Amino acid sequence: VCQLLRHILRWEDLGFQIVGEANDGVDGLEKAKQLAPDLVIMDIRMPGMDGLTLIREIKKLRAQTQFLIISGYRDFEYAQTALREGVQGYLLKPLDRGELESALRAVREEIVKQQELLRFRTMFDDSRQRLADHFFRELLRQPLKEAVTEEQISARFGYAFRPGAYRVVLYKPDTGTGAPLPEARI
């Protein structure tokens, strides 16, 4: 089946590159640890470790990995459990090339969406951190022009300040250059 999958499609045209193969579930888990694949195509029943267990183990390592199952088992319970585990498709043998291509296109779209979401999340977190740094630098330089509550600071920058609790904030802004900060008088 691995050889058939390797040669049945032009993977590059679908936006994929084959990075590895495994002959059983245990080897599949080791390869997933080494290669961090975006997509794993597997059978539901394999020697060493069944497909559902392998999915759970890989998701512990890399939650964004997508899965397609190709199986000769028409058992509805297997398919249902696989879908609950987040499998993108459950294809039956013998493989239909068109059905496989369609499933791969859908998986590719999901991978791209996840990568974009991760990129936006990273940009958001970076921006929020820069805003917080700026806010606290300005707070150290001059008093606030208007009152700001702990709730507003917490909501704006993702902190967990609680009203009524007095705290000392020690803040050391990072210059990004490794150079020491100028001495400040307080």
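**The sheet and its surroundings**

A: In this predicted model, strand β2 (residues 66-71) is joined to β3 by four bridges, and the two run parallel. One of the residue pairs is I69 with Y90, the latter being the bridge partner in β3. The whole sheet is open and has three strands in the order β1-β2-β3, with parallel pairing. Its edge strands are β1 (39-42) and β3 (89-92), each of which pairs on one side only. From one strand to the next, the twist averages 15 degrees. Helix α5 (residues 97-141) packs on this sheet and touches β1, β2 and β3; the direction of α5 makes about 165 degrees with that of β2.

Turning to the salt bridges, the count comes to eleven. One of them joins the side chains of R56 and E85, at 3.0 Å from N to O. R56 lies in helix α3 (residues 51-61) and E85 in the loop between α4 (76-84) and β3, so this pair ties together parts that are 29 residues apart in sequence. R56 is partly exposed at 35% relative accessibility, and E85 is also partly exposed, at 22%.

Helix α3 also holds E57 and K60, three residues apart, or about one turn of the helix. Their salt bridge has its closest N and O atoms 3.1 Å apart. E57 is partly exposed at 26% relative accessibility, whereas K60 is exposed at 65%.

In helix α5, R97 and E101 are four residues apart, about one helical turn, and form a salt bridge with a closest N to O distance of 3.4 Å. R97 is partly exposed, at 43% relative accessibility. A network of salt bridges links R97, E101 and R105.

How values were computed:
Residues are numbered from 1 along each chain as its sequence is written. This is a predicted model: local features need pLDDT of at least 70, side-chain atom pairs count only at pLDDT 80 or more; totals for chains, interfaces and linings use all residues. Side-chain values use heavy atoms; hydrogens and water are left out. Two strands pair if DSSP finds at least two bridges between them. Axes are lines fitted to C-alpha atoms, for helices over the stretch in contact, and angles run from 0 to 180 degrees between N-to-C directions. Contact means heavy atoms within 4.5 Å. A salt bridge is a side-chain nitrogen of Lys or Arg within 4 Å of a carboxyl oxygen of Asp or Glu. Buried means under 20% relative accessible area, exposed over 50%, partly exposed in between (1.4 Å probe, protein chains only).
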